[in-house]
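Have the sequence and the model open side by side.

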Amino acid sequence: MSPRTSSSTAASAPQWTVPGATAARRVTLVLILGALAATAPLSIDMYLPALPRLTEDFGTVASRAQLTLTACVVGLAAGQVVAGPLSDRLGRRRPLLYGLAGYAAASLLCAVAPTVETLTAARLVQGAAGAAGIVIGRAVVRDLFEGTAAARFYATLMIVSGLAPILAPVVGGQLLRVVPWPGVFVVLAGIGIAVLLGSLAGLPETLPPERRSPAGAAAIVRTFATLCRDRVFVGHTLTLALAFAAMFTYISGSPFVLQDIYGLSPQEFSVVFGVNALGIVAAGQIGGRLAGRVPLGRLLGTGLALVVTGGAALLAAVLTDAGTTVLLPALFLVVAGQGLVLPNATALALAGRPAGTAGSASALMGLTQFALGGAAAPLAGIAGTGTAVPMAVTIAVLAFAAIPAALLARSRRD
């Protein structure tokens with residue numbers, strides 16, 4: 001399926017969605033939407049290497065410093081529930097621009113926070129404001145594309161946004177070599193301002209007034225209730241969220257597991273992160289090229305099989321003390337499989353949604369994704385940093401739990 005080309009859609013959609021749009025405009029769209037999707041994950045992960053210094057500077061304990069991470073994830077989950085329905089009612093552009101401005105301001109507040117409590121509050125606001133980029137970016141793609149074309153576009157976005165949660169800790173670690181930890185938040189504020197300016201200049205409104213939902217709060221609640229009764233939407237959303245939670249567990253647990261338990265140096269750890277990042281991008285691009293020739297449901301199933309195989313191999317490697325020879329390839333499969341799961345599950349979940357409800361649907365997806373990810377990540381370290389078993393068990397359980405979720409949605413796969 002190609003981008004919508006009916007006369008009504010072509011008349012109301014931006015020019016670069018119509019066949020024949022210039023390559024430059026398509027590249028601009030990819031870069032802006034990719035940056036929107038990447039901004040919030042960067043907020044979660046870029047400052048992870050700074051946690052020990054932050055804890056020391058504030059004279060607090062590690063658990064209170066880690067609450068700043070939890071606050072950001074909570075903000076990301078809750079903010080999407082607000083920004084998505086607002087974008088259905090007001091259009092995509094206005095809520096997005098306000099969200100990006102709020103994100104930049106909150107990032108600067110994080111940099112000057114005098115106490116860990118103030119930092120925690122600022123991180124909550126930063127996450128909530130940054131959520132607008134994730135949820136509205138997904139809705140913009142749904143405004144412009146359907147089915148196979150949407151899956152291809154989401155796969156293209158993996159080049160820009162898929163690297164963010166994987167490489168952000170590495171970038172943050174390098175930043176800390178030249179700036180104190182508040183400098184990380186100054187950089188995040190700069191990223192927010194850059195994305196805001198890019199969106200102002202290069203991202204027009206994609207939801208014209210005649211396609212918007214005039215719904216108030218009660219109607220929004222009814223929309224959410226309808227989505228929750230749709231087993232196809234719920235199945236694809238849970239598949240995406242459980243797979244993402246497995247990767248999020250890897251991101252939060254692997255620095256301790258690979259370095260403290262398996263003895264990798266920081267440089268070796270960075271190489272592992274980089275290889276896994278290439279895996280998710282490569283899988284996404286392969287899936288994007290196959291979309292249209294291979295059913296999206298089959299691509300999703302292949303990606304899920306990779307994640308499940310990796311999760312099972314990871315658990316076996318840890319329980320049998322097989323070492324990094326098995327453990328590292330297993331982690332690669334868990335991460336690379338996301339390149340097929342995330343874009344195809346997203347496209348299938350949003351397929352057929354009316355334009356005026358795409359923001360609400362995207363919000364519910366994002367809430368589920370980050371709620372599960374935020375809940376699962378701490379489990380990786382529940383037994384301390386001396387064992388890899390909790391991380392391996394959590395990843396394996398999440399991967400296998402995604403199987404029945406995918407089967408729930410099976411009846412309406414492309």
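What follows goes through the salt bridges and then the cysteines.

A quick note on the ground rules: this is a predicted model, so local features need pLDDT of at least 70 and side-chain atom pairs count only at pLDDT 80 or more, while totals for chains, interfaces and linings use all residues. Residues are numbered from 1 along each chain as its sequence is written, and side-chain values use heavy atoms, with hydrogens and water left out.

Searching the whole structure turns up three salt bridges, each being a side-chain nitrogen of Lys or Arg within 4 Å of a carboxyl oxygen of Asp or Glu. Start at Arg-92, which pairs with Asp-88 at 2.8 Å between the closest N and O atoms. Arg-92 also meets Asp-143 in a salt bridge, again 2.8 Å from N to O. Together, Asp-88, Arg-92 and Asp-143 make up a salt-bridge network.

How accessible are these residues? Arg-92 is buried at 2% relative accessible area, Asp-88 is buried at 3%, and Asp-143 is buried at 2%. (Buried is under 20%, exposed over 50%, partly exposed in between, using a 1.4 Å probe and protein chains only.) Elsewhere, Arg-212 pairs with Glu-205 at 3.8 Å; Arg-212 is partly exposed at 24%, and Glu-205 is partly exposed at 23%.

Now the cysteines. The disulfide count is zero, with a disulfide taken as two cysteine sulfurs within 2.5 Å. Cys-110 has its closest cysteine sulfur in Cys-72, 8.0 Å away, so the two are too far apart for a bond. Cys-72 is buried at 0%, and Cys-110 is buried at 0%.
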